[in-house]
Amino acid sequence: MNVTATADKHFIARLRVRPIRIAEVLLVAFFALVAGLPLLFLIAGSFNLATPGQSAVYGLANWARAFSDPTTISALWMSFLLSGARLIPAIIIAVLFAWLIARTDMPGGNTIEFFCWLAYFIPDFPLTLAWILLLDPNYGLLNTVALQLPFVHTAPFNPYSFWGIVWVHTSTGGIWFKVILLTPVFRRLGAALEEAARVAGAKTTTVLWRVTVPLLSPMILAVSVLSFIRGLQSFNTELLLGTPAGIYVYSTRIYDYIRREPAAYGEATALGSVFIVALGILLFLYWRFLRGKRRFTVVTGQGYSTARVRLGRWRYVALAACVFYIAVMTLLPLIFLIIGSFMRRYGFFNISAPFTLAHWRGVLSDPIFFLALKNSLLIATITASAGIVLYSITAYVVVSRRAILAPVLEGLCWLPHILPGILLGLGILWLFLATPLRFIFYGTIWGLALALMVSDSPVTTQAFRAGYLQLGADLEEAARVAGASWGYSYRKILLPLLAPIAGAVGLMNFGGALTSISTPVLLYSHQSRPLAILMLEYSVTGELERGAALGLLITAIISVMMLVGRRLGLQLSGQQ
Amino acid sequence: MAPPVLEFRNIVKRFDTVTAVDAISFSVHRGEIFTLLGPSGCGKTTTLRLVAGLEEPDGGEIILDGMTVAAPRQRTFAPPEKRRLGMVFQSYAIWPHLTVFENVAFPLRVRRESAVVIRERVRQALATVGLAGLSERGATQLSGGQQQRVALARALVYEPAILLLDEPLSNLDAKLREQMRFELRALQKKLSLTILYVTHDQTEAMTLSDRIAMVNNGRLEQIGTPEEIYENPATPFAGQFLGRTIVLEGTFRRSAAEQWVELSGQHRIPVRVNSTDSFVDGALVRLITRPEDIAILPPDRLEPTQIDATVEQVDYLGDRFEYYVRAADTLLILTATKRHRYTIGAKVRLGFDPSRLSLYAH
């Protein structure tokens, strides 16, 4: 008895350095390294005139060159213009969708909502390819059909244009993202406010535009700003559609700078730094704005009611319109993408034997494909599973009252939010080139997984943070008092309870890693090339049909994953 | 006497600038129910969490079962899992992803007991709290009372040195609360448990405790048996918190032979003060007693311990009357049996019990 008591005493005395303190310091160091340092490298790098890896020479020449080049400014301007131009139609359509799903008696609202979720996860790259196949001035199917008509002598559609980019964006994730964010907001609006307007004599449409939308305008505005910021980070569509027409946004311009021979790192980082500053200001305003509006949304959130607006006969019209939009904007292009992947020459139906399996056979017999598939699955698995462990612990420390560095840690977790994929890739590239980390990470799948995981940090940390706040501290403390160490209670109590969140974010991060192009595009090597990059390479080297086949494959993997996730009962909605 | 199971020596705990626990000292002996009683935010839950190791003290020393588990000066701190405690949380903290059996078995699994031992001890613990047969039920399918029993079984299953109960009855409805109180007391007697109990409910504290520590603003006001505290509250706060009190203000007077308090209207009430030195002649004092220790008597010649009063309002409460009477310029609320009935405006006498009077400096 005495012996155990003394042994215990020693153990207790040694435990003064609390494990949470160690965890906290390690996490802050980690995020400072992988998120803070790349950002610093980006900004410092823009003043560095030497190529990476050589001794630094500082000066303003990069900035001078970048800004004396009119294409730099126009690329920044084009980013803002494009993001703004596609926001307006998208937000109107998203508000209508959300209102119909959440506030009216339109049949099949839940199914429509689920399709919005599915559509959200369709990667934008294959969709853009699909629209190219439909709208290309030379072989695009819609142009071919249109040219059969009398009085039409030139191809009416051209995707390689400003409006082409805007059009394609109204079918990709962005619009469904807005629907997903807005539907719960509409759902929480008290029906009494709308009913009061009806009693006062207003028609359904009057109520929508005079009461519902103004009431929700703070949230709609918040979603708009967020979408605008996300729009600025867009890369794939702009690369495929803008570059052939000489339309550059800042992200494609940076890609261009880096891919040049020799790579113009200086100009790229100068442009990136300007963009980070602009984005930082925007995000700060957005955050301020949200903070000011929170009380307003809480008030509207009270008086939850399931009473719906009666549309009468129009409910079927509304349903038909929703189905039509989804069909035309996502299903139609995907179907033609499938057909396209089986055609000898896309769009040429009158040649002999127009259909062929050659592209699929070509892709599936290409050893590069198998390497890429293996790489992609490995990268996505590492990203998703390491992310769950890392960010669940990070969020734990962030909510822990005992952590002193919690605010610092949370701030570092948000940093990747202001780093669009291409800039994060660029920053991490600098990190790898300038530090010994390059031996493990430069050009390897580990490097790609690390970059993708860092880019997941804000959303994933927030999801786990919300989970911990909802669970409360008691369940964990009860385990500790019952005699469990922190590790044991984390494995047996916290992680199982957070499984739904872990599953949902794991799935989303897996999908994100599979489809991301802009983050890995500056980091991969031939050995670590993932599927999405292979798809990009096929597409920009004129093998559009092969690119289509790969795009379909990726889309299929994502769709199956989402359906399985839903079958497993993962709460995909309400996950922001 | 055996050493105490738990000893608190001058424990201080600060949150930022607020001192939640301010130099608290007490000890809990084997086999007793020791209750920390006080209003919400007084520091009693923080005190419990300090015992559990869920908070780290800023000063002082905590000794548990003969071992120093927290002493900031010596840089000693034992995490909760090293303290061999059982705790029932206010929210019960039943793990929703585990069955009743697995919830109760958890502390044993942590301690790597064999499957046979686990099965037997869980069965016993569940039988003890009256949940035999529910072991395969999911934890979320239980009622509030059942969850409470699971939490209790989980805390008891490995025979902890001390059982910590944080307002365990506050989430139950009134009837169930009474029943659980009774069962808890019986269980404690049967297993001779040592319990540190936290509550803000004076009835719970009075009926369950062997000893009560009154806590207010992070400080201990008084430690004693329920009776001691009720009859002789050391501070006005202790007196008021344990039930309704009557407060009369007056002036302390003393002569060679006797001491009394002079109230307004020339009333004087003789008092016996043990520590007479603490009051000088002419000091302003407060005279505190319980409503049930004041007798309402029909008008007659005044005895030395009586003052006269006027009935201002009468409320009929079914089993008794509640009288609002004015005496010595103070409105007092007193209850009386239905034997006598006084109407509004009636002149009455109030009779005090000198042994039930407490005197405090103003």
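Reply: Two residues are in contact if their C-beta atoms, placed from the backbone, lie within 7 Å. The model is predicted. On that basis the contact between the chains takes 22 residues from chain A and 23 residues from chain B.

Me: Which helix gives the most to the side of chain A that touches chain B?
Reply: Helices H1 (2-14), H22 (474-481) and H23 (486-497) of chain A each give two or more residues to the side that touches chain B. The greatest share, seven residues, comes from H22(A).

Me: How do the residues of the side of chain A that touches chain B divide into nonpolar, polar and charged?
Reply: Chain A brings 22 residues to this contact. By class they are six charged, two polar and 14 nonpolar.

Me: How many helices and strands does chain A have, and what share of its residues is buried?
Reply: The secondary structure of chain A comes to 26 helices and zero strands. Of contacts in chain A between residues at least 6 apart in sequence, 77% join residues at least 24 apart. Of the 576 residues of chain A, the buried share is 46%.

Me: How far apart do the C-alpha centres of domain 1 and domain 2 of chain A lie?
Reply: The domain assignment gives domain 1 of chain A as 18-35 + 357-576 and domain 2 as 83-243 + 280-353. Contact between them involves 31 residues of domain 1 and 24 residues of domain 2. Their C-alpha centres are separated by 27 Å.

Me: Which helix gives the most to the side of domain 1 of chain A that touches domain 2 of chain A?
Reply: Helices supplying at least two residues each to that side include H16 (358-365), H19 (421-434) and H24 (499-515) of chain A. H25 (531-540) and H26 (544-567) of chain A are also among them. That side divides into 16 nonpolar, 14 polar and one charged residue. With twelve residues, the most comes from H26(A).

Me: Why does A:Ala102 count as buried?
Reply: A:Ala102 sits in helix H4 (residues 70-103) of chain A. A residue needs 20 or more other C-beta atoms within 10 Å to count as buried. A:Ala102 is buried because its C-beta neighbours inside 10 Å number 21.

Me: Which residues is A:Ala102 in contact with, leaving aside its neighbours within four places in sequence?
Reply: A:Phe355 is 253 residues from A:Ala102 along the chain, and their C-alpha atoms are separated by 44 Å. Beyond four places in sequence, the contacts of A:Ala102 are A:Thr183, A:Phe186 and A:Arg187.

Technical notes
Residues are numbered from 1 along each chain as its sequence is written. Chains are lettered from A and ligands numbered from 1 in the order in which they are written. This is a predicted model: local features need pLDDT of at least 70, side-chain atom pairs count only at pLDDT 80 or more; totals for chains, interfaces and linings use all residues. Helices (H or I, at least four residues) and strands (E, at least two) are DSSP runs, numbered from the N terminus. A residue is buried if 20 or more other C-beta atoms lie within 10 Å of its own, exposed if 12 or fewer, and partly exposed in between; C-beta atoms are placed from the backbone. Domain bounds come from an automatic or database domain assignment. Ala, Val, Leu, Ile, Met, Phe, Trp, Tyr, Cys and Pro count as nonpolar, Asp, Glu, Lys and Arg as charged, and the others, Gly among them, as polar.
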